[in-house]
Amino acid sequence: MPALSDATIKLYRKVTTRTVQGEGGLLTGEDPSAYNSTDPLRLWIIQVGVIIMMAQLLSLGLRRIKQPRVIAEVLGGILLGPTALGAIPGFTQHIFPADSLPYLTLVADIGLCLFLFLVGLEIDASIVKRNARLSVVVSLAGIALPFGLGSALSLPLYHHFIGPSVQFTYFMLFTGVAYSITAFPVLCRILTELELLDTTVGIVVLSAGVGNDIVGWTLLALSVALVNAGSGLTALWTLLICVAFAIFLLWPVKRVMLWLARKTGSVENGPTMFYMTVVILLLWGSAFFTDIVGVNAIFGAFLVGIAVPREGGLAITLTEKLEDMVSIVFLPLYFTLSGLNTNLRLLNDGITWAFTIAIVALSFTGKFGGCTIAAKLSGFGWREASTVGGLMSCKGLVELIVLNVGLQAGILTQTVFSMFVLEAVALTFLTTPLVTTLYPPERRVRVSGQLVQRATAGEEDGMDSDDSKSPAKDGPWRYRFTVILDKLEHMPGVMALTQLILPTPSNPSGVTSVTSTTETVDLKKPEVTVDALRLIELSDRTSAVMRSSAADTLIYTDPLLGIFRMYGELNDLAVSTSLSVVPFDDFPHRVADHASRHASQLVLLPWLPPTSGHHNNPMEAEPIPTTPKSPRFEHNPFEAFFGSFSKADKSASAMNSQFVRSVFAQSKTDVAVFIDTGDRSGAGGSQHIFFPFFGGPDDRLALEFVVQLCLNPRITATVVRYIKRDVDVTPLGKPEGVHAHEREQIPTMRSLVHREDTLSIRSTAFPDTVYGQPTTQTRMQSETADSVTWSKYASPKPDPDTPSLLRAALARIQFSELPTPTPLRAAIQRAASIRRAHTRLLIVAGRSKRLATGSHHHELKEIFEEHGTNGDMVRKTIGDVASAMVVSSSASTLVVLQAAIPAE
């Protein structure tokens with residue numbers, strides 16, 4: 001069926017034989033939307049605009065219920081067809097007149113060839129090889145049973161709706177193929193969005209989907225060859241030619257393409273212009289060949305996509321260069337043409353609806369039942385097996401392509417075509433909610449090591465929770481860290497913060513040498529391990545899905561992970577790496593879940609406050625809107641109609657601020673945020689830490705963190721406890737140490753928080769974290785814990801049982817207390833004086849959003865006004881104390897800590 005070639009020839013003849021008509025415009029009174037054979041571009045632009053806007057509007061609403069984009073495109077085509085808008089008198093004749101459809105069809109066919117080329121690029125044979133046994137069983141079961149049920153149903157369908165001019169065997173073949181097909185591109189998208197690619201179910205379904213896709217396209221090619229050949233012998237010759245051509249493309253041509261890619265540097269640096277030219281010529285040449293031998297042109301494009309080498313992410317890069325135009329323009333055109341041929345008004349009697357329900361039920365039963373049974377026999381439990389069946393029942397756009405081929409060949413009538421289109425939409429719509437119900441996150445079995453390059457000691461399941469979450473017995477040491485990598489510009493901050501928590505040298509100078517060998521062994525801290533989590537945003541693009549499915553390979557080639565891995569090797573630091581491709585809105589949840597599953601004791605986050613090249617004060621760089629909005633990963637002006645959070649600030653700093661705040665809100669692990677203001681004036685000096693202590697769980701955590709950092713003999717610190725009171729009040733004396741047995745009876749920091757002290761997030765955009773009002777009991781408990789923690793470290797006479805290593809660290813810290821009515825200003829002045837003596841100053845602060853000892857709102861507002869800035873976004877992100885330090889440029893770097901939110 002040389003449809004593409006025929007359409008091209010007809011249009012060429014029409015253009016070369018037509019007479020010249022007037023080229024009038026609006027000024028001559030001519031209707032610009034009227035079809036004009038001499039200038040079909042005008043109407044084509046109108047058609048494309050209507051189609052794209054319809055698809056975009058529908059996708060915005062369906063995205064909120066996690067439906068794939070293809071549902072919106074198919075529904076948009078149906079609504080533009082005779083089912084809905086086409087029933088309006090004059091709509092079809094004015095917007096989609098019959099004379100204009102050949103132009104629309106030609107462009108849609110070109111786009112379909114490009115799309116099938118992208119589908120071929122998505123298919124990675126190595127996925128099938130790694131899971132060959134399970135994937136082959138599930139794939140064959142997902143083809144055989146649906147094909148049999150479809151063939152059985154084709155008999156009554158043929159007698160009721162198909163004329164005698166169509167051979168029954170042809171109709172049976174198309175029905176069986178339509179039943180057995182699985183939409184691999186849509187399946188990849190669903191697996192990625194539901195975060196199933198690193199589960200056992202996701203890996204098997206992805207492998208089975210690849211095999212199902214290849215077999216399905218082969219069956220469709222056979223069906224088309226039989227229909228076009230007219231005789232069995234001709235069909236056999238056509239099939240043999242196609243097989244020989246496929247072998248030619250997948251072996252000799254693929255080797256030549258790999259040699260050319262290496263020769264032109266396309267593997268290392270992306271495809272060159274010459275390499276892209278060769279690929280495009282090969283694409284259209286292959287499509288032309290399969291079209292003229294009696295098979296649809298899309299098969300040639302599909303084979304070229306498979307033949308493109310995968311080395312160095314070349315297939316992903318090629319996809320990036322083509323995917324936007326294909327997904328935005330070409331595919332909606334194709335689905336609109338399908339919608340113009342879909343008329344659900346033809347389903348107007350009981351027998352037609354009975355057959356429609358039977359088509360949907362048998363199609364789902366065949367796919368779901370066959371794949372579920374196969375997965376169960378392969379060793380899965382019923383929950384996992386049913387999830388495999390639910391995923392494999394996804395139809396999507398691949399079945400629509402099969403149906404359109406059958407309609408163009410005259411095998412399907414418009415009624416039967418409409419019935420099958422409804423079936424494809426229903427099953428695709430059902431996939432996401434069905435899988436979410438059958439396989440919730442808490443039930444998922446993830447593959448160990450699928451995304452983690454190297455597991456570190458102590459990260460496996462089954463560890464004692466108290467031991468994995470609490471500090472070491474000999475001090476408040478935290479030695480298991482999770483570092484978040486998302487952007488290249490955050491790497492300096494990540495490495496600077498990691499440098500601070502590096503293990504102390506084995507024989508540090510300044511540590512007393514009178515300790516015995518036995519005592520030294522007892523005080524040895526566990527090995528510091530760091531797990532670097534690389535976050536990549538999952539967008540609507542096909543290339544993002546390809547990256548997600550290739551995460552186990554990408555983890556070795558990602559530049560950010562490579563840089564951090566080398567940093568760990570240079571510093572003799574045990575580093576494990578993980579990679580996750582998820583939507584931007586799911587970043588915080590993935591961080592919190594990853595830290596919990598890896599028993600991390602502290603999450604290290606980089607954050608860049610709003611900056612610009614000509615502003616010295618980072619707080620003044622960007623105007624902060626009075627009603628800031630919550631970001632999403634992409635901007636669309638129509639999102640306002642659907643209540644989207646994304647309405648205003650789209651700057652990178654604002655989005656990162658929202659990400660940091662969401663991590664604070666969701667994390668059940670302690671979190672430290674490293675803030676780099678960009679001031680390098682103090683680089684090269686000795687490291688000194690200034691910590692203003694105000695009280696509360698965050699400040700207690702920060703104090704322990706400062707003590708741990710001062711285990712390094714090259715780091716010194718100044719810790720000042722600020723007490724907000726009038727100056728004439730007698731200063732509070734230094735607290736006396738408490739007895740060891742009394743300290744043991746004091747509740748721990750995490751148990752001090754009452755159950756009512758829970759976290760809630762406002763649904764407005766850019767929300768601040770809001771905590772439940774503490775009771776008098778929890779307030780007193782927190783103040784008691786402040787005094788105990790301060791006494792433990794600031795006492796002039798340390799406890800005799802204090803280990804020598806801790807004693808040496810405390811000797812490098814200067815503790816003091818200061819009552820003052822303006823604690824923030826006092827802290828800023830103290831930081832300024834310290835910076836004159838120590839140019840390399842690091843300020844540590846608690847976020848103090850929970851159980852804070854007092855409010856600094858009015859004082860902070862005055863400081864903001866003095867510096868002429870509105871720091872609302874920064875204040876909500878890092879708290880009052882750190883915001884005051886940032887706005888006053890008190891230090892080049894800051895670390896803000898928040899203690900873990902207790903589980904309800």
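Cores and surface of a predicted model

The protein chain's secondary structure comprises 35 helices and twelve strands, where helices (H or I, at least four residues) and strands (E, at least two) are DSSP runs, numbered from the N terminus. This is a predicted model, in which local features need pLDDT of at least 70, side-chain atom pairs count only at pLDDT 80 or more, and totals for chains, interfaces and linings use all residues. Residues are numbered from 1 along each chain as its sequence is written, and side-chain values use heavy atoms, with hydrogens and water left out.

Q: Why is L240 called partly exposed?
A: Buried means under 20% relative accessible area and exposed over 50%, with partly exposed in between (1.4 Å probe, protein chains only); L240 has 45% relative accessibility, and therefore counts as partly exposed. This residue is found in helix α11 (residues 232–263).

Q: What makes a nonpolar core, and which residues of the largest one touch the most other members?
A: A nonpolar core is a set of buried Ala, Val, Leu, Ile, Met, Phe, Trp, Tyr and Cys residues joined through side-chain atoms within 4.5 Å. The largest has 197 residues, of which F117, F564 and V844 touch the most other members. Helix α15 (residues 314–340) gives the largest share of this core, 14 residues. A second, separate core has 46 residues, including L605, W607, F659 and V881.

Q: Which residues is F117 in contact with, leaving aside its neighbours within four places in sequence?
A: Contact means heavy atoms within 4.5 Å, and F117 is in contact with V279, L283, A301, F302, V304, G305, V308 and L322.
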